[in-house]
Amino acid sequence: MKERGEFLFEIGCEEIPAGLIPKACIELQQILEKHFIANGISIGAMRTWGTPRRLGASADAVLLRQPDQEKEILGPPKSVAFDNVGQPTRAAESFSEKQGMPLAKLYVVQTPRGEYLAAKQIVYGRDAKDILAEILPQAMRELSFPRSMYWTGKKGARFTRPVRWIVALLAGQIIKVEYEGIVAGDTTEGHRFLGKSKIRVTGRKDYEAKLRRNFVIVEPAERRKKIESEIHALTTKKRWRTHEDAALTEQVVYLNEYPSVIAGDFDPAYLDIPAEILITVMRDHQKYFAVEGRDGELEPHFLAVINLDRDRSGLVRAGHERVLRARLADAQFFWESDQKRRLGEYLEKLAHITFESRLGSYRDKTDRARDLARWISGQWFDSGIHGADVSAADRAAELAKCDLATGMVREFTELQGIVGGLYARAQGEDEEVSWAVYDQYKPVGVDDSIPRNLTGCALSLADKFDSLVACFAVGIIPSGSSDAFALRRAASGVVQILLERKLPLSLSAAISASSKGLAAHKPGIQVAPEMEKKVLEFVGERAKYLLREKQGFAYDEVNAAMAASADDLVDVRNRIVALKSIRHSKNFAPLAIAFKRIRKILEKAGPDGGEGGSVKAELFCEEAEKQLHREALVLAERAAAHKRGGRYKEALESISELRPTVDRFFDDVMVMDEDVAVRKNRLALLAGLLREFSTIADFSEMVAEEK
Amino acid sequence: MAKRAKASNVAKRKPSSIARTTKPAGPTFQQLILQLQTYWSKRGCVLQQPYDVEVGAGTMHPETFFRVLGPLPYRVVYIQPSRRPADGRYGENPNRLYKHTQLQVILKPPPADVQNIYLDSLRAIGIDLRHHDIRFEEDNWESPTLGAWGVGWQVLLDGLEITQFTYFQQAGGLDLDPVSCELTYGLERIAAFLQNVDSVFKLRWSDDVSYGDIRLAEEQQFSAYSFEWADAVRTREMFDLCEREAKAILGTKGTHAETGIKRKAPILAAYDFCLKCSHLFNVLDSRGAISTTERAALIGRVRALCCRVAAEYCAMNGWNEAAQTVGSLPQATAQVRR
């Protein structure tokens, strides 16, 4: 008999939501592997796959029988099992009976608790088929979905959609699985309309081949390839291009069992509607790929992925064209009817759209954002940043949310901001303002770009700071996976804008300005200082994350710089760059260690150490401490001058020059002197040193590197 | 080889179907209704009639709302004209209507091959599924006013949404056991597709009367009413009155709240007033008369009534277990569709 065999498993399901399939495949694999391992069955290579109607798994070399296992069973202690002449007692005899083993086969074993009588039993392995019959229904119960349902009754199983058939084979034989009244078998289902029903399969290869003949491509990667190559063929033939759209491709891969690409047309008259809107209608609502010509202009065509081998009679194309026509007619209707009023006239309607019940309407948010946008632009204007325009920022903030009341955004919510920007531009609003409105939600992820102009940056920051502070003020604080107002994204957005465009801004001042807005306008609440601090920390955490993960700085560099001060992120970044450039220099690393030592000494000395005390030169006894005091004064002044000029590297270099003196101090001076006055003076010297030289970065955060 | 021969037959048939220009394509609107009603009544459905109170969706018909509660199996099909005041476009938009016609099917409990039975209904109205791109795309349904939600799909025909297919999990705030399958066909869309017209008003209702002939005036007048004429103060008063009537009937422990009559409360009558509240809410909404905070509050008031009606209905029928297991609406972001 063969030792190993192939395992094939398919859960046949009513259409699984496309977005859930990739994760379900990964999870199915993890769960099955876990169970195989727990049962001591090795399986060779496992793979999983998914289509809208099935989740599948196979393993090429599953051990058909669980290996036998030797198991040592402890009986009574030796002292109880044998009397003083070494004869077995009743206890030993009854253990031998219980184990069904003669006394001669028992033995004594040494354990941490002493010597015990023991028996070696063999646990015979079970057939993998029997174990699988238990594992598989269990695995199906363990698969988790964001929203599951029951269909056989409230006490029945839960799954993403009703399960309708199961294929479960081991070495070509059916595994006896039962789940919700379904008995697993060796037949699968082909494509809903093109394939056969009840197709018998014997193994993975047979399964794949037969399903292919029945218009199901089980491997997602292969479906993706088919879609991509057909798109390529259609576009090159007609000299078109499609936008790279990985998300849309991913969707259509999991929406179809047998994807084919067809091309369709729409009336070129619709090209008068802005491309952003056309693309959204096609992509988000119909899942079509938009097509552009070589000049980058949109063409009046689209590519649709259909779940058929081909469009037999041209009816599918005609149908899709019809639907798109109606959608585009809608979009055109909104484009025209919305613009019967000017964008600004929608402002009053915002009073009817809630931002959050305790925080008022978008009308109220607009008032707050205007104040804040003006304040931010004003800060930049005062710092002499070219192009800072307070009145443009105010106007952009005034118009920013107006599109929420338009028909277009109510229909195509994902176009918020963009529609406002397009209307503003079409109505002759200043370029600076209309692009700012257009970009106000940017960046929408860590890889997205920031608003293209300065007013857009001011507006986006104002909107995000207001959301952050307002939500925190009423207790909406992101935790775990719950972040309904996308505050993490807002905080990341703040960091991205400031860092990428190198814009100076005091985070704490911006947060206070946001609080002022919440008090001056609706909802008229006072934000507690602790809450402001929490917002600051929240943004700080995002900054740390992005500096590490996106900008590639080491975590100790980021921590050291931010521990010194974290209020202006551009300044933080400059200090990190300086720190990074100097950390490997010959003086710096030992100095960092010395600083860590200083911190430890001060911590150990406790509150009546050097903190707060002033240094008295007359109390110095050793030359080394006098020298340190002297040099520290000189270098601190030099470093401070560099720092004022923003020359952080030079400042750090100046500080590094202190290294030999610090070393000498630790060699020659015993800080914890018996004389209290001397000791306190020395601690004060060190505390001052730490304070003075930690304004660029807290060196004690630096981790020494192995060379 | 056989497959290829078949395919070329289809290709040959194509010119003839285009040549049929004298006879217009597809069934008339009324034929479509008859075909679907016949199809489903042959599959064990009671053929019911539309409800005579304004509703926003077929789900609100008592034949759905009450029948899905409790343990008794049921199958029903009916037409339900559904009013959505905010969707009115004065008859000027080719695809949007103040009132559209739903065909609603409830299968309780759903048979295991329910999807195939549904697909056969499409074949029955003349759709060749091998020549069209049919798909089931995720669409989880939720009705905040009815305290109901379910899991399912929108069924797309060449990209056109033609049916909402839902496995109800909860109604009136109660977990359902067994679950029901609800199929809601959008008849105007399907008819426009079958007749190949670009505007629902051009649909042939019968051989010689168009949809527009019959319904255009209604669209114009009710759009005008909901957007311009409805008096917000009076509508609100009507809402309050209906709510009070429903509450009075529900009373406390079988006692009429105002008259003190101690008899089995007529729950069905109370439900009618819930429906009226729901419609009046929609009128107020289309009139733009509902402020931000009020909106959620009003929906909550209607839902509270519906949930009480459902609980009382179960209690009255002795389905106490169902009435006790009050579930909660899921937190996940379901799209509010109806």
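A: What follows starts with the sheet, moves to its neighbours, and ends with the chain as a whole.

This is a predicted model, in which local features need pLDDT of at least 70, side-chain atom pairs count only at pLDDT 80 or more, and totals for chains, interfaces and linings use all residues. Residues are numbered from 1 along each chain as its sequence is written, while chains are lettered from A and ligands numbered from 1 in the order in which they are written.

The sheet in chain A is open, with four strands in the order β13-β15-β16-β14 and antiparallel pairing. Strands (E, at least two residues) and helices (H or I, at least four residues) are DSSP runs, numbered from the N terminus. Two strands pair if DSSP finds at least two bridges between them. At the edges stand β13 (241-242) and β14 (260-265) of chain A; each has a single partner strand, so one side of each is left without a neighbour in the sheet. Strand β15 (residues 288-292) of chain A is joined to β16(A) by four antiparallel bridges. In one of the pairs between strands, A:F289 has A:L303 in β16(A) as its bridge partner.

Two helices pack on this sheet. Helix α6 (residues 220-238) of chain A touches β13, β14, β15 and β16 of chain A, and its direction makes about 35 degrees with that of β14(A). Contact here means that the C-beta atoms of two residues, placed from the backbone, lie within 7 Å. Axes are lines fitted to C-alpha atoms, for helices over the stretch in contact, and angles run from 0 to 180 degrees between N-to-C directions. α9(A) lies across β14 and β16 of chain A and runs at about 55 degrees to β14(A).

Helix α7 (residues 246-255) of chain A also meets part of the sheet. Its buried residues are A:V252, A:V253, A:Y254 and A:L255. A residue is buried if 20 or more other C-beta atoms, placed from the backbone, lie within 10 Å of its own, exposed if 12 or fewer, and partly exposed in between. The buried residues of α7(A) pack against α1 (21-38), α6 and β16 of chain A, together with β4 (134-138) of chain B.

That last contact leads to the partner chain. In total, 36 residues of chain A are in contact with 39 residues of chain B. On the chain A side, β16 (298-306) and α9 (315-338) each supply at least two residues, and α9(A) gives the most, with nine. This side of chain A divides into 19 nonpolar, ten polar and seven charged residues. Ala, Val, Leu, Ile, Met, Phe, Trp, Tyr, Cys and Pro count as nonpolar, Asp, Glu, Lys and Arg as charged, and the others, Gly among them, as polar.

Strand β4 (residues 69-77) and strand β6 (residues 114-123) of chain A pair antiparallel over seven bridges, and A:E70 has A:I122 in β6(A) as its bridge partner. β6(A) is also joined to strand β5 (residues 107-111) of chain A by five bridges, again antiparallel. There A:V109 is bridged to A:Y116 in β6(A), and a hairpin joins β5(A) to β6(A) through two residues.

Helices of chain A also pack on one another. Helix α18 (residues 529-549) and helix α19 (residues 555-564) of chain A have axes that come within 9 Å and cross at roughly 145 degrees. On the α18(A) side, A:G540, A:K544, A:L547 and A:R548 meet A:Y555, A:V558 and A:M562 in α19(A). By class, this contact has four nonpolar, one polar and two charged residues. Helix α16 (residues 487-500) of chain A packs on α18(A) as well, at an angle of about 65 degrees, with the axes 9 Å apart. The contact of α16(A) with α18(A) divides into seven nonpolar, two polar and two charged residues.

Taken as a whole, chain A has 25 helices and 18 strands. Its radius of gyration (taken over C-alpha atoms) is 36 Å, well over the 27 Å that the globule rule gives for 707 residues, so chain A is more spread out than a compact globule. The globule rule is 2.2 Å times the number of residues to the power 0.38. Along its principal axes, the C-alpha trace of chain A spans about 105 × 95 × 50 Å. Buried residues make up 42% of the 707 residues in chain A.
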